[in-house]
Amino acid sequence: MISYLRERDVSAALDMTSFLLPYAAHDKIADTPPPMARIPKELVDQIIQTADIVEVVGDFVQLKRKGQNLWAPCPFHNEKSPSFSVNPAKSLYKCFGCGKAGGVVQFVMDVEGTSYVEALKYLAKKYAITIEEEEKTPQ
């Protein structure tokens, strides 16, 4: 029984190899993907430091100051009493109803449903920061 399984496994492996050979040859001629653009880290840091979380969040909800934080109904779910808090000193937001939390980039990602890069571009446009993307070739 053991010798039968080994012969069958070897036979199956040989069949699979012959099946994959045409695809391996095709991969060498296939088009390479376009180079990926990337935003330099210094520019990402500048965008995050420039963006005011109170101003950005205030574009979507009306914030009211209570103590050191600002409060509003959460933009991510329906509620009657405000459970969405923005801490300007730490540049963070937190909803105690649905649990969403993060910084200014995460807020834009959550509220607009965009990627990290698209959120950075949104903030850069809002604060008139020019983004010069570096070309990065996939490795």
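A crossing of two helices is called left-handed if the near helix is turned anticlockwise from the far one by less than a right angle, and right-handed if clockwise. By that convention, α2 and α5 cross in the left-handed sense. The model here is a predicted one, in which local features need pLDDT of at least 70, side-chain atom pairs count only at pLDDT 80 or more, and totals for chains, interfaces and linings use all residues. Residues are numbered from 1 along each chain as its sequence is written, and side-chain values use heavy atoms, with hydrogens and water left out.

First, the overall layout. The protein chain has five helices and seven strands, where helices (H or I, at least four residues) and strands (E, at least two) are DSSP runs numbered from the N terminus. Along the sequence the pattern reads α-β-α-α-β-β-β-β-β-α-α-β. Of the 139 residues in the protein chain, 24% are buried, with buried meaning under 20% relative accessible area, exposed over 50%, and partly exposed in between (1.4 Å probe, protein chains only). As for contacts (heavy atoms within 4.5 Å), among those between residues at least 6 apart in sequence, 46% join residues at least 24 apart.

Back to the helix pairs. Helix α2 (residues 41-50) packs against helix α5 (residues 116-126) at an angle of about 60°, and their axes are 10 Å apart. That angle makes α2 oblique to α5. For the geometry, axes are lines fitted to C-alpha atoms, for helices over the stretch in contact, and angles run from 0 to 180 degrees between N-to-C directions. Angles under 35 degrees count as roughly parallel, over 145 as roughly antiparallel, 65 to 115 as roughly perpendicular, and the rest as oblique. On the α2 side, Val44, Ile47 and Ile48 meet Tyr116, Leu120, Leu123 and Ala124 of α5. Sorted by class, the residues of this contact come out as seven nonpolar, no polar and no charged. The classes take Ala, Val, Leu, Ile, Met, Phe, Trp, Tyr, Cys and Pro as nonpolar, Asp, Glu, Lys and Arg as charged, and the others, Gly among them, as polar. As helix background, an α-helix has 3.6 residues a turn, so residues three or four places apart point the same way.

Helix α5 also packs with helix α4 (residues 104-112), this time at about 110° with axes 9 Å apart. The two are therefore roughly perpendicular to each other. From α4 come Val104, Val105, Val108 and Met109, and from α5 come Tyr116, Ala119, Leu120, Tyr122 and Leu123. Nine nonpolar residues make up this contact of α4 with α5, with no polar and no charged ones. Within α4, Val104, Val105, Phe107, Val108 and Met109 are buried. The cover over these buried α4 residues includes α2, α3 (53-58), β4, β5 and α5. Just after α4, Gly113 takes a positive phi of about 70°.

Two residues other than glycine have positive phi as well. Ser91 has phi near 55° and sits in the loop between β4 (84-87) and β5 (92-95); at 25% relative accessibility, Ser91 is partly exposed. Ala128 likewise has phi near 55°. The loop that holds Ala128 runs between α5 and β7 (134-136), and at 69% relative accessibility Ala128 counts as exposed.

Ser83, in the loop between β3 (69-72) and β4, is buried at 12% relative accessibility. Setting aside neighbours within four places in sequence, Ser83 is in contact with Trp71, Ala72, His77, Lys94, Cys95, Phe96 and Gly97. Gln68, in the loop between β2 (64-66) and β3, is exposed, with a relative accessible area of 61%. Gln68 lies 21 residues from Ala89 in sequence, and the C-alpha to C-alpha separation is 8.3 Å.

Finally, the cysteines. A search of the whole structure turns up zero disulfides, a disulfide being a pair of cysteine sulfur atoms within 2.5 Å. For Cys74, the closest cysteine sulfur is that of Cys95 at 3.5 Å, which is too far for a bond. Cys98 also has its closest cysteine sulfur in Cys95, at 3.6 Å, again too far for a bond. Cys74 is buried, with a relative accessible area of 6%, whereas Cys98 is partly exposed at 36%.
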